[in-house]
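Good morning, and thank you for making time for this presentation. I shall describe one protein, going from the whole chain to single residues.

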Amino acid sequence: MTIRLFDRRQDPRGRRILITGASGTIGRSLGERLTRAGAHVVGLDLHPTGDEPFTVLPCDLTDDTGTATAVAEALDTLGGLDVLVNNAGIGGPAPAEYAPGDEVRRQLEINLLGTWRTTAACVDALVAARGRVVMVASRMAVMQLPLAAAYGASKRAMVAYADALRLELGTHVTVSCVYPSAVRSPIHDSTRAAGLSLDGMSVYEPLDGVVDTVERAALAVRARRDLPTTRKGAVEFFLARHLPALTDRIVRNTLAKRAAAGSFDDAPLAAGVAARHRSTP
């Protein structure tokens, strides 16, 4: 049987890996899997639980000095760095029609600038090791969903940052972006509480598939630039990149059906969307 080069993985044993958002749903599962495989894993998280099966250091990614200090401690613990997985991220309700407030700034600060801060603090170690950066982006980086403008904007900007990083460090460091759809996790709680659940707009995918794709991005012998996490995700990624008017139409029609069904009647943040659809002939 022929093994494609993209499917071949480096031996994880002894690989030095740093994961942000390491106590969350994806980060913890990834760190546990890599640790079991023999990798040396250190995580960063705002609120470590203390029972992770690998070392997790407390770190506020919105703090310039705190992030640099935590990364330095992690690199000292690891003795260098082969792979950085930028996994930390938050979501929340943020309709595009309203002026940006604290919720929007919080998502941009963590999802984009937190990634930027962490990566910048790791650059020297990654260059020295000819290492790799893996960005856990989102399907919404290429195909925006309504009522969540901040999340989509932050993830699209994260990919733009990855593109710039790839151009600047590409002689020594590879950069891959992973595009999950939606995984059941607390990241959706605030959106659901605001009555803006993604249910009906997005299909949840298994956690194991996302973790396997991130692991593949981290360990592939030959780095891939972009990795959707499912076959459906690969189709959505292709359509969003090459036929954006079609994906816009699909999302608009789905939104119209949800509005007609009264899905947003009790959601103040979606009042404008609901009213405009009621007044559309």
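Let me begin with a convention about charge: Lys and Arg count as positive and Asp and Glu as negative, while His and the chain ends are not counted. The place of a charge is taken as NZ of Lys, CZ of Arg, CG of Asp or CD of Glu. On that basis, the protein has 33 positive and 30 negative charges, and their mean positions are 9 Å apart.

Two remarks on the source are needed. This is a predicted model, in which local features need pLDDT of at least 70 and side-chain atom pairs count only at pLDDT 80 or more, whereas totals for chains, interfaces and linings use all residues. Residues are numbered from 1 along each chain as its sequence is written, and side-chain values use heavy atoms, with hydrogens and water left out.

I turn to the overall architecture. The protein contains nine helices and seven strands; here helices (H or I, at least four residues) and strands (E, at least two) are DSSP runs, numbered from the N terminus. The radius of gyration of the protein is 19 Å, close to the 19 Å that the globule rule gives for 281 residues, so the protein is as compact as a globular protein of that length. That radius is taken over C-alpha atoms, and the globule rule is 2.2 Å times the number of residues to the power 0.38. Along its principal axes, the C-alpha trace spans about 65 × 45 × 35 Å.

How much of the protein is buried? Of its 281 residues, 49% count as buried. Buried means under 20% relative accessible area, exposed means over 50%, and partly exposed lies in between (1.4 Å probe, protein chains only). The protein exposes about 13400 Å², of which carbon and sulfur atoms supply 56%; such areas come from the Shrake-Rupley method with a 1.4 Å probe, and for residues only the protein chains shown count as cover. As for contacts (heavy atoms within 4.5 Å), residues 24 or more positions apart account for 69% of those with a separation of 6 or more.

Next, the strands. Two strands pair if DSSP finds at least two bridges between them. Strand 1, residues 16-20, and strand 2 pair in the parallel sense over five bridges. Ile19 has Gly43 of strand 2 as its bridge partner. Five of the six residues of strand 2 (residues 40-45) are buried, so this strand is largely enclosed by the rest of the structure.

Strand 1 is also joined to strand 4 by three bridges, and these two run parallel. The bridge partner of Leu18 in strand 4 is Leu84. Strand 4 in turn runs parallel to strand 5 (residues 132-136), with four bridges between them; Val83 has Arg132 of strand 5 as its partner. Which way do the residues of strand 4 point? Val83 and Val85 point one way from strand 4 (residues 83-86), Leu84 and Asn86 point the other way, and all are buried.

Now consider the helices. Thr115 has its place in helix 3 (residues 102-129), and at 3% relative accessibility Thr115 counts as buried. Leaving aside neighbours within four places in sequence, Thr115 is in contact with Asn86, Ile110, Met135, Met158 and Tyr161.

Val159 lies in helix 4 (residues 149-169) and is buried, with a relative accessible area of 8%. Not counting residues up to four places away in sequence, Val159 touches Ala137, Ala141, Cys177 and Tyr179. The C-alpha atoms of Val159 and Ala137, 22 residues apart along the chain, are separated by 6.9 Å.

In helix 9 (residues 271-278), the buried residues are Gly272, Val273 and Ala274. Helix 8 (244-260) is included in what covers them. By contrast, Arg36 in helix 1 (residues 25-36) counts as exposed, at 63% relative accessibility.

Finally, two loop residues deserve attention. Arg130, in the loop between helix 3 and strand 5, has a positive phi of about 50 degrees although it is not a glycine. Leu147, in the loop between strand 5 and helix 4, likewise is not a glycine and has a positive phi, near 70 degrees. Are these two residues buried or exposed? Arg130 counts as exposed at 55% relative accessibility, whereas Leu147 counts as buried at 10%.
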